[in-house]
There are 2 protein chains.
Amino acid sequence: MNKREIDILDVKSDVIADNDREAGKVRKYMREKKVFLVNLMASPGAGKTTTLVRTINALKDKYRIGVMEADVDSDVDAATVQAAGAKVIQLHTGGSCHMDANMTFRGIEQLGMEDIDVLFLENIGNLVCPAEFDVGAAKRVAILSVPEGDDKPLKYPLMFQVCDLLMIGKIDVKPVFNFDEEACRKYVRELNPTMPVIPVSAKTGEGFDAWIDWLTKEIEAFRAAEV
Amino acid sequence: MNKREIDILDVKSDVIADNDREAGKVRKYMREKKVFLVNLMASPGAGKTTTLVRTINALKDKYRIGVMEADVDSDVDAATVQAAGAKVIQLHTGGSCHMDANMTFRGIEQLGMEDIDVLFLENIGNLVCPAEFDVGAAKRVAILSVPEGDDKPLKYPLMFQVCDLLMIGKIDVKPVFNFDEEACRKYVRELNPTMPVIPVSAKTGEGFDAWIDWLTKEIEAFRAAEV
């Protein structure tokens, strides 16, 4: 029994090493095309799509926006995001619980980068595996929503370590839940001391000025950088 | 690139076939020991632990309860569940986003089944991979919580296909969220026409009579069956 387990672990480290190489290629390609790629990650139902729609509305007069909607199955979000004014492709992972760099590259090729400045990947709803798979994004952003509880950084630490920004989502329902924002921020700080943490509500718009401000600065820095 | 993908898929089907064999062994072992094993699955923060605590309190005068708390990391839930009166073991999956049958069997051996009638496995918070891995439980139970949204059965169909009962959790906050219970039930029925769906609140206790009633009947049927 132990032997089989060790075999599985070896396969996994090979997969991750291969993925890291592919992620490097994606990053180089996106740099050449001057497209800023954001890998957006969160639990199922944390509000990724609603957050994206509001973000697209805030950015679309300034940048041409693309979205890759990753799902195990279904395409319920793609139409919503398209209606907001983004160029959209639906990616089905065929049962896989995360996007890897190779799947991401195939989505990028299929969508075409000619008329896109900023590309969002809405990853599979999952706090575990997407954190392990670098897809070659310029920035990784996570949403932890208030109903999930303030202790999630303790339980799924890698996600909070690898991200560049954390939104605390559905902040408008904080009064209804027993969510200790200070405790949550403390757990996050221990894992990732310098990461900005922005409470937002995609419903009311609270916190979006700070999120859009951070994002615009990062996009501009990316676009200004030498190839 | 395609070749590598096919390789990964092959590895995965081997893993699932091996797992199904191991799950058969777990099921046979638990039948011999007369311990009723429940595999409890849900997204991060859907309320698995709070639901377990209330369930333990409802059952503990009648049955001796065991709990296996599976986590990628941390042991924040184990103490809570132990305080409720269950015999508890904390399992760390070492980065894996689901429990498999072999990990489950090792937990069962370590915990010891001599003084347990009903054993709960609190699986990793994830709607994708835990659905693929049969751990050898007598029954699989899922919680979908109201803040996650009514469309989750469309996006993570396998979880709703493989389960024997679904709780719609955090039903007390339904007035705060745009959750269409009828639509949710319809999506679930299309995937799993006969599965009972019980709205519950682990906070207020709403719906727990129906859940405990179903669970007790299943436990009694299991205990009454011939080995």
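## The contact between the chains

Let's start where the two chains meet: 45 residues from chain A and 45 residues from chain B take part in the contact, with contact meaning heavy atoms within 4.5 Å. This is a predicted model, in which local features need pLDDT of at least 70 and side-chain atom pairs count only at pLDDT 80 or more, while totals for chains, interfaces and linings use all residues. Residues are numbered from 1 along each chain as its sequence is written, chains are lettered from A and ligands numbered from 1 in the order in which they are written, and side-chain values use heavy atoms, with hydrogens and water left out.

The size of an interface is often given as the accessible area lost when the parts come together. Here chain A and chain B bury about 3,700 Å² between them, 57% of it on carbon and sulfur atoms; buried area is the accessible area (1.4 Å probe) that two parts lose on being put together, summed over both.

Four salt bridges are counted between chain A and chain B, a salt bridge being a side-chain nitrogen of Lys or Arg within 4 Å of a carboxyl oxygen of Asp or Glu. The side chains of A:K155 and B:D71 meet in a salt bridge, at 3.7 Å from N to O. Between chain A and chain B there are also eight residue pairs in polar contact, both residues at pLDDT 80 or more. A polar contact is a pair of N or O atoms within 3.5 Å; within protein, one must be able to donate a hydrogen and the other to accept it, and residues adjacent in sequence count only if both atoms are side-chain atoms.

On the side of chain A that touches chain B, at least two residues each come from α1 (2-33), α3 (76-83), α4 (101-111), α5 (129-132) and α6 (152-155) of chain A. Helices (H or I, at least four residues) and strands (E, at least two) are DSSP runs, numbered from the N terminus. With eight residues, α1(A) gives the most to that side. By type, the residues of the side of chain A that touches chain B divide into 20 nonpolar, eight polar and 17 charged; Ala, Val, Leu, Ile, Met, Phe, Trp, Tyr, Cys and Pro count as nonpolar, Asp, Glu, Lys and Arg as charged, and the others, Gly among them, as polar.

## The sheet of chain A

In chain A, seven strands in the order β3-β2-β4-β1-β5-β6-β7 make up an open sheet with parallel pairing; two strands pair if DSSP finds at least two bridges between them. At the edges stand β3 (87-92) and β7 (197-199) of chain A, each with a single partner strand, so one side of each is left without a neighbour in the sheet. From one strand to the next, the twist averages 20°.

Strands β5 (residues 139-145) and β6 (residues 165-169) of chain A pair in the parallel sense over five bridges, and A:S145 has A:G169 in β6(A) as its bridge partner. Helix α2 (residues 48-59) of chain A lies across β1 (36-42), β2 (65-71), β4 (118-122), β5 and β6 of chain A, at about 170° to β4(A). Axes are lines fitted to C-alpha atoms, for helices over the stretch in contact, and angles run from 0 to 180 degrees between N-to-C directions.

## A link within chain A

Over all chains, the structure holds 30 salt bridges. One joins A:E218 to A:K139, with the closest N and O atoms 3.7 Å apart. A:E218 lies in helix α9 of chain A and A:K139 in strand β5 of chain A, so the pair ties together parts that are 79 residues apart in sequence.
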